[in-house]
Amino acid sequence: MLKIQVKADLCCGVGLCVKGDCAKVYQRDDLGYNSSDGQTVPEGLEEIARKGAAACPETAIELIETN
Ligand code: SF4
């Protein structure tokens, strides 16, 4: 399983992490910041999660393998 870690100090609310199908994995709060910190990536959406993390220009998203 993959756990989402969002570095709040790096996230600047650009929103590229929720473009297209990446919105199935990541959500943003009312101010536009990624609010998915601590969530587990739903089964089968791992590649989408990696795509969204890679799209973040601030490298604010880290995906951690858990068992
Ligand atoms: S996680 Fe990255 S792409 Fe998503 S809102 Fe924050 S800075 Fe923007």
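This is a predicted model: local features need pLDDT of at least 70, side-chain atom pairs count only at pLDDT 80 or more; totals for chains, interfaces and linings use all residues.

Colleague: Okay, and which residues in helix 1 are buried?

Modeller: Those are I48, A49, G52 and A53. Looking down the axis of helix 1, the buried residues fall within an arc of 135°, so they line one face of the helix.

Colleague: Nice. What covers the buried residues of helix 1?

Modeller: The cover includes strand 2, which runs over 61–65.

Colleague: Switching topic: where does the ligand sit?

Modeller: You'll find the ligand in the largest cavity.

Colleague: And which residues come nearest to the ligand?

Modeller: There are 13 residues around the ligand, and C11, V14, G15, C17 and C56 come nearest.

Colleague: How does the shell around the ligand divide into nonpolar, polar and charged residues?

Modeller: The shell has 8 nonpolar residues, 4 polar ones and 1 charged one.

Colleague: One more thing, where is D9 found?

Modeller: D9 is in the loop that links strand 1 (2–6) and helix 1 (46–55).

Colleague: Is D9 buried or exposed?

Modeller: D9 counts as exposed, because its relative accessibility is 69% and the cut-off for exposed is over 50%.

Colleague: And how far apart are D9 and Y33?

Modeller: In sequence, D9 and Y33 are 24 residues apart, while in space their C-alpha atoms are 10 Å apart.

Notes: Residues are numbered from 1 along each chain as its sequence is written. Side-chain values use heavy atoms; hydrogens and water are left out. Helices (H or I, at least four residues) and strands (E, at least two) are DSSP runs, numbered from the N terminus. Buried means under 20% relative accessible area, exposed over 50%, partly exposed in between (1.4 Å probe, protein chains only). A residue is near a molecule or strand if one of its heavy atoms lies within 4 Å of it. On a 1 Å grid over the protein atoms alone, a cavity is a set of points where a 1.4 Å probe fits but cannot get out, and a pocket is an open set with protein on both sides within 12 Å along at least five of seven lines; lining residues have an atom within 4 Å of a point. A molecule sits in a cavity or pocket if more than half of its atoms lie within 2 Å of its grid points. Ala, Val, Leu, Ile, Met, Phe, Trp, Tyr, Cys and Pro count as nonpolar, Asp, Glu, Lys and Arg as charged, and the others, Gly among them, as polar. The arc is that of the directions from the helix axis to the C-beta atoms. Contact means heavy atoms within 4.5 Å.
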